[in-house]
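Thanks, everyone. Today I want to talk about aromatic rings. Please have a look at the sequence and the structure.

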Amino acid sequence: MKILVTGTAGFIGFHLAKKLLERGDEIIGLDNINDYYNVNLKYARLAELGIDRNEVKSEKLSTINYQLSTKFPLHKFVKADLENKETIDKLFVEGNFDAVVNLAAQAGVRYSIENPHAYIQSNVVGFMNILEACRNYDVKNLSYASSSSVYGLNKSQLFKTTDMTDTPVSLYAATKKSNELMAHTYSHLYGIQTTGLRFFTVYGPWGRPDMAPMLFADAITNNKPINVFNHGNMSRDFTYIDDIVDGIIKVIDNPSNFKVYNIGKNSPVSLMKFIETIENAIGKKAEKNFMPMQDGDVVSTYADVSDLIDDFGYKPDTNLTDGIGKFIKWYKEFYKSIGMK
């Protein structure tokens with residue numbers, strides 16, 4: 001298939017693009033490489049896909065500046081913003097895509113409180129441009145990133161896709177809920193097969209430096225204290241990146257008329273157990289600052305993935321010890337070498 005994957009300089013988008021290229025798909029990658037976190041990590045991910053940062057140029061309205069991969073003959077990359085409608089339209093005109101996977105977004109629950117306008121532009125306006133391009137250029141297979149954060153103040157455990165999601169506690173969550181509603185509208189009106197994936201706390205090699213695994217690993221390694229929110233009384237459905245990518249590919253290959261799935265481990269872990277697993281992998285104890293709950297956070301997440309299991313045989317089988325072990329191995333070997341410290 002010829003697939004547009006947005007967000008390929010990001011954590012999940014990078015891993016997905018690499019897996020699809022390895023199986024022989026033709027991938028057009030797109031990312032704006034913004035500075036929400038250290039761009040050295042983003043360029044290092046792109047380098048793994050054969051994209052040289054010195055060759056990356058911003059798009060122009062008159063032409064698409066494709067960068068050709070030196071590692072994968074079927075891969076090209078475009079630096080562009082989703083909210084630039086003219087560029088997105090031109091990309092679709094030239095692309096003739098079989099499928100689109102929209103993973104590009106302004107990420108971060110806490111940052112959305114500080115910089116709300118960035119979330120509306122990227123996550124709402126940008127997603128509208130993708131939907132409109134799919135409609136206007138006859139792309140019927142669209143998968144997109146939603147988030148477990150849409151469950152907000154929902155107190156039930158497990159989180160089921162049939163649960164109420166009308167009480168988000170961050171603007172980030174609200175933008176992701178809006179994406180689901182927008183996708184439903186376009187499926188209904190224009191017959192686009194849209195599938196949303198509510199990701200649950202993804203971790204693994206090449207992960208984001210603003211997420212807990214990287215923050216904890218970096219602090220423990222460098223003898224700095226870690227912040228433990230809600231005094232450690234939290235749990236998350238931590239999901240290893242390979243299991244996430246496996247689920248995304250199943251969805252790409254089997255598009256739905258309109259569907260939203262949870263995609264997680266289906267096995268929540270307490271925050272203190274998660275920290276202990278990182279400590280064991282590094283071989284050093286953490287100094288802990290116990291702190292109150294932060295605005296925008298929730299106490300616990302727990303994914304009911306029965307729909308994904310029933311429809312696709314999804315099996316998230318990476319246990320926490322193995323997943324953290326692979327993450328810490330990558331961290332020790334690569335993190336400093338790519339200019340993060």
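Start with Y137. Its relative accessibility is 32%, so Y137 counts as partly exposed. Keep in mind that this is a predicted model.

Now its partner. Searching the whole structure gives 17 aromatic pairs. One of them joins F92 and Y137. The centres are 6.4 Å apart, the planes are at 35°, and the pair is tilted. Where do the two residues lie? F92 is in helix α3, residues 85-95. Y137 is in the loop between α5 (116-136) and β6 (141-147). The pair therefore ties together parts that are 45 residues apart in sequence. And F92 itself, buried or exposed? At 3% relative accessibility, F92 is buried, because the cut-off for that is under 20%.

Next pair: Y203 and Y240. Here the ring centres are 5.6 Å apart and the planes meet at 65°. Planes over 60 degrees apart count as edge-to-face, so that is what we call this pair. Y203 belongs to strand β8, residues 202-203. Y240 belongs to strand β11, residues 239-240. So this contact links parts 37 residues apart in sequence. Y203 and Y240 are both buried.

Then there is a cluster. Which residues form it? F14, W206, F327, W330 and F334 make up one aromatic cluster.

Last, charges over rings. K42 has its charged end over the ring of Y37, 4.6 Å from the ring centre. K76 lies over the face of Y66. The distance to that ring centre is 4.2 Å.

Methods
Residues are numbered from 1 along each chain as its sequence is written. This is a predicted model: local features need pLDDT of at least 70, side-chain atom pairs count only at pLDDT 80 or more; totals for chains, interfaces and linings use all residues. Side-chain values use heavy atoms; hydrogens and water are left out. Rings of Phe, Tyr and Trp (its six-membered ring) pair if their centres lie within 6.5 Å; planes under 30 degrees apart count as stacked, over 60 as edge-to-face and the rest as tilted. Helices (H or I, at least four residues) and strands (E, at least two) are DSSP runs, numbered from the N terminus. Buried means under 20% relative accessible area, exposed over 50%, partly exposed in between (1.4 Å probe, protein chains only). A charge sits over a ring if NZ of Lys or CZ of Arg is within 6 Å of the ring centre and within 35 degrees of the ring normal.
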